[in-house]
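Here's a quick tour for anyone meeting this structure for the first time. Have a look at the model below, then follow the notes topic by topic.

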Amino acid sequence: MTSSSTQGIKTVLHPVADLAAAKAVYAALLGVAPQTDTSYYVGFEAEGQHIGLVPGGGPQGMTAPVAYWHVLDIEAKLAELTAAGATVSEHAHDVGGGRLVATVTDTDGNVLGLIQDR
């Protein structure tokens, strides 16, 4: 193993069909109002976790919730994961504010998300 360890799962994104309805449900669940509230993304911060709602699965076409592991070096972690048998689904790219995201699929078809904050 290398030194590009994870900082744990801190972000989970959920694809939703009706953003307004989902926002009400997650606000009730988490007991907080959204921190980010746009037509293309609603995000909540609760107890050190970020819960995001993505209408229609977003440009990445999510069909199920995706847990995002926070890492120190996203490219190194992608290299480790692909060497271990994972397949890159979404290459690392900046989503704003210096945040890089990527996804891989494990050998059973599960999607794993990665986030690096610069």
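Let's start inside helix 2, where Lys77 and Glu80 sit 3 residues apart, so about one helical turn separates them. The two also form a salt bridge, with their closest N and O atoms 3.1 Å apart. Keep in mind that this is a predicted model; the protein chain averages a pLDDT of 93, and 97% of the residues score at least 70.

**Helix 2 and what covers it**

- Lys77 counts as buried because its relative accessibility is 11%, below the 20% cut-off.
- As a rule, an α-helix has 3.6 residues a turn, so residues three or four places apart point the same way.
- What lies over those buried residues?
- After helix 2 comes Gly85, which has a positive phi, near 115°.

**Salt bridges elsewhere**

- How many salt bridges does a search of the whole structure find? The count is 4, and the Lys77 and Glu80 pair is a salt bridge too.
- Another salt bridge joins the side chains of Asp94 and Arg118, at 3.8 Å from N to O. This pair links distant parts of the chain, as Asp94 is in strand 6 and Arg118 is in the segment after strand 8, 24 residues apart.
- Asp94 is partly exposed because its relative accessibility is 40%, while Arg118 counts as exposed at 66%.
- Arg99 and Asp117 also meet through their side chains in a salt bridge, 2.7 Å from N to O. Here too the pair links distant parts of the chain: Arg99 belongs to strand 7 and Asp117 to strand 8, 18 residues apart.
- Arg99 is partly exposed, given its relative accessible area of 25%, and Asp117 is partly exposed at 44%.

- Glu90 lies in strand 6, which covers residues 87–94.
- Glu90 is buried yet has no salt bridge, and the nearest side chain of opposite charge, Arg99, is 12 Å away.
- In general, side chains of opposite charge can pair when their charged atoms come close.
- Glu90 does have a polar contact: its side chain and that of His93 are joined at 3.4 Å.
- Setting aside residues up to four places away in sequence, Glu90 touches Gln60, Tyr68, Ala102 and Thr103.
- Val88 is in strand 6 as well, and it counts as partly exposed because its relative accessibility is 26%.
- Beyond its neighbours within four places in sequence, Val88 is in contact with Leu78, Thr82, Thr103 and Val104.
- Val88 and Thr105 are 17 residues apart along the chain, with 6.4 Å between their C-alpha atoms.

**A loop glycine**

- Where is Gly48? Look in the loop between strand 3 (42–46) and strand 4 (49–55).
- Gly48 counts as exposed because its relative accessibility is 59%.
- Gly48 and Lys10 are 38 residues apart in sequence, but their C-alpha atoms are 7.0 Å apart in space.

How values were computed: Residues numbered from 1 in each chain as written. Predicted model: local features only at pLDDT ≥ 70, side-chain atom pairs only at ≥ 80, totals over all residues. Heavy atoms only, no water. Helix = DSSP H or I, 4+ residues; strand = E, 2+ residues; numbered from the N terminus. Buried < 20%, exposed > 50% of the residue type's maximum accessible area, 1.4 Å probe, protein only. Lys, Arg positive; Asp, Glu negative; His and termini not counted. Polar contact = N/O pair within 3.5 Å; in protein donor to acceptor, adjacent residues only side chain to side chain. Contact = heavy atoms within 4.5 Å. pLDDT = per-residue confidence, 0-100.
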